[in-house]
Amino acid sequence: MNTKSQATLLADLPSLPTVIMDALQFTADKQNLSNLANKISQDPHMAVRILRVANSPFYGRSREIGSLQEAVVVLGLNRVKNLLLGLGFMNLFRLDRQDFDYSQFWHHSMAVAECARQLAIHTGMDQDIAFTAGLLHDIGLLAIVLLFPDDFSRITTGQHLNRIEAERHVLGFDHAEIGCNVAKHWNLPMAIQYAIEQHEIPRGQDEGKSLELMIHMANFLVLATQRDDQAFEYPESIVQILEMLNIPLDQAIDWANSSQQFANQVVASL
């Protein structure tokens, strides 16, 4: 393991671009509708990608959206902001490793973000916070690849029961822990820090809905719907949580599937 401290190494991470920081602060009023479109317009590459996703089959628009202002009006501020955050974070890290599937990582992250947003809407939680936390739930994995490249190779080739065990064995911590520290380094809201830290094993599952629980559920649902196993049965603990949240299992599965379709369109724009 690298002998430098996490804090020292985190300083080597890229800073958040202004456009991402601004997107995290936008609220849905008319002035911000115009401001957001203007901000995105300053990055032509980003603008093209957002329009490409906005015009994808996922949204099923009968006519083409031709401008960012129109995209904000038609899709809504929150939707365009989420696209901006997703594409912005995808562009922040560029990794070229044969043992790490960059596109698959962001596909999963985007699907979890969208699924978390759906869960949040249903349960009356903040959908923007849920989307961002879902998008970044595995950001610690990217941090490990970037900051501990040799250790990452040992993690992927070692004989361990699961990734969490492998990370703790090799590094002394796991991707959820360092992911929380990445969010703290970027001064992201405390709620997002906690959700990242607890997305694998949320605390207080019997205490009612929480952001951590939403991200944990979204992550599990997306992974479960990707399984090529017709005999797979959802654990009773997952079914019980869905019942507590008053979400039918079939509905949750539908959200996970549609979230992966959304992720397909976003990742295709890269």
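## Largest pocket

Helix α7 contributes the most to the lining of the largest pocket, supplying three residues. The model described here is predicted, and in it this pocket has a volume of about 440 Å³. Its lining comprises 18 residues, of which H108, D138, L141, R163 and L223 are the closest to the pocket's centre. The elements that each give two or more residues to this lining are α7 (102–123), α10 (149–157), α11 (163–171) and α14 (211–225).

Sorted by class, the residues lining the largest pocket are six nonpolar, seven polar and five charged.

## Second largest pocket

The second largest pocket holds about 220 Å³ of space. Of the 14 residues that line this second pocket, M21, L24, Q25, L188 and P189 lie nearest its centre, and the elements giving two or more residues to the lining are α2 (18–25), α6 (77–92) and α8 (127–135).

By class, the lining of the second largest pocket consists of nine nonpolar, three polar and two charged residues.

## Packing of α4 and α5

Helix α4 (residues 44–54) and helix α5 (residues 68–75) have axes that come within 10 Å and cross at roughly 40°. Because angles from 65 to 115 degrees count as roughly perpendicular and those under 35 degrees as roughly parallel, the two helices α4 and α5 are therefore oblique to each other. The crossing in which α4 passes α5 is left-handed.

On the α4 side the contact is made by A47, I50, L51 and A54, and on the α5 side by L68, A71 and L75. The residues of this contact between α4 and α5 comprise seven nonpolar, no polar and no charged.

Definitions and conventions
Residues numbered from 1 in each chain as written. Predicted model: local features only at pLDDT ≥ 70, side-chain atom pairs only at ≥ 80, totals over all residues. Heavy atoms only, no water. 1 Å grid on protein atoms, 1.4 Å probe; cavity = no way out; pocket = protein on both sides within 12 Å on 5 of 7 lines; lining within 4 Å. Points joined across faces, edges and corners; volume = space filled by probe spheres on them. Helix = DSSP H or I, 4+ residues; strand = E, 2+ residues; numbered from the N terminus. Nonpolar A, V, L, I, M, F, W, Y, C, P; charged D, E, K, R; others polar. Axes fitted to C-alpha atoms, helices over the stretch in contact; angles between N-to-C directions. Parallel < 35°, antiparallel > 145°, perpendicular 65-115°, else oblique. Left-handed = near helix turned anticlockwise from the far one by under 90°. Contact = heavy atoms within 4.5 Å.
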